[in-house]
Amino acid sequence: VVRVGRLIEVLDRVHRGEDDRVEYHFVLLDYKCTVVSGALAHGSDAADACWAGRDDLARYGLSETAMRVIAKALELGD
């Protein structure tokens, strides 16, 4: 359970097929959230979930965009 905070970033992703037609269009809204209660668990779109400190992020092979969004959220504070 989390308390949803500030909107951090809005990302737009378009996946095109071989014929250049749009197959999927995703709009991702990243919010800064604070844990209120419960246990960490991954969703159906992930194999696992874990808590990681800022200095540990590099080992997870995150995209440049993901690292930028995380850095922005950490800079904002609570």
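# Tour of a predicted hairpin-and-helix model

Begin with strand 1 and strand 2, which form a hairpin with five residues between them; in the turn, Asp20 has a positive phi of about 70°. The model you have open is predicted.

**Stop 1: confidence**

Colour the protein chain by pLDDT. The mean is 93, and 99% of the residues reach 70 or more. Strand 2 has the highest confidence, at 95. Helix 1 has the lowest, at a mean of 93.

**Stop 2**

Select 2-16 for strand 1 and 22-35 for strand 2. How do strand 1 and strand 2 run, parallel or antiparallel? They run antiparallel, and 12 bridges join them.

Now pick out individual partners. Select Val2: opposite stands Val35 of strand 2. Then select Val14, whose bridge partner in strand 2 is His25.

Stay in strand 1 for Val4. Is Val4 buried or exposed? Val4 counts as exposed because its relative accessibility is 53%, and the cut-off for exposed is over 50%.

**Stop 3: the turn**

Move to the loop between strand 1 and strand 2. Select Asp20, which is found there. For context, most residues other than glycine have a negative phi.

Select Glu18 in that loop between strand 1 and strand 2. Glu18 counts as exposed because its relative accessibility is 87%. Glu18 and Tyr60 are 42 residues apart along the chain, and their C-alpha atoms are separated by 30 Å.

To Leu62 the C-alpha separation is 29 Å, across 43 residues of sequence.

**Stop 4: the aromatic pair**

Show the side chains of Tyr24 and Phe26. How many aromatic pairs does the structure hold? It holds one. Tyr24 and Phe26 form this pair, with 6.0 Å centre to centre and 20° between the planes. The pair is stacked, because planes under 30 degrees apart count as stacked. Phe26 is partly exposed, as its relative accessible area is 39%.

**Stop 5: the loop between strand 2 and helix 1**

Select Ser37, which lies in the loop between strand 2 and helix 1. Ser37 counts as partly exposed because its relative accessibility is 38%. Ser37 and Ala66 are 25 Å apart in space, C-alpha to C-alpha, and 29 residues apart in sequence.

Leu62 is also found in the loop between strand 2 and helix 1.

**Stop 6: the largest pocket**

Finish at the largest pocket. What is its volume? The volume is about 1300 Å³. The pocket is lined by 32 residues. Select Leu40, Cys50, Trp51, Leu57 and Ile70: of the lining residues, these lie nearest the centre.

Which elements give two or more residues to the lining? They are strand 1, strand 2 and helix 1 (64-76).

Last, colour the lining by residue class. The lining residues divide into 22 nonpolar, five polar and five charged.

Note on methods
Residues numbered from 1 in each chain as written. Predicted model: local features only at pLDDT ≥ 70, side-chain atom pairs only at ≥ 80, totals over all residues. Heavy atoms only, no water. 1 Å grid on protein atoms, 1.4 Å probe; cavity = no way out; pocket = protein on both sides within 12 Å on 5 of 7 lines; lining within 4 Å. Points joined across faces, edges and corners; volume = space filled by probe spheres on them. Helix = DSSP H or I, 4+ residues; strand = E, 2+ residues; numbered from the N terminus. Nonpolar A, V, L, I, M, F, W, Y, C, P; charged D, E, K, R; others polar. Phe/Tyr/Trp six-rings, centres within 6.5 Å; stacked < 30°, edge-to-face > 60°. Buried < 20%, exposed > 50% of the residue type's maximum accessible area, 1.4 Å probe, protein only. Pairing = 2+ DSSP bridges. pLDDT = per-residue confidence, 0-100.
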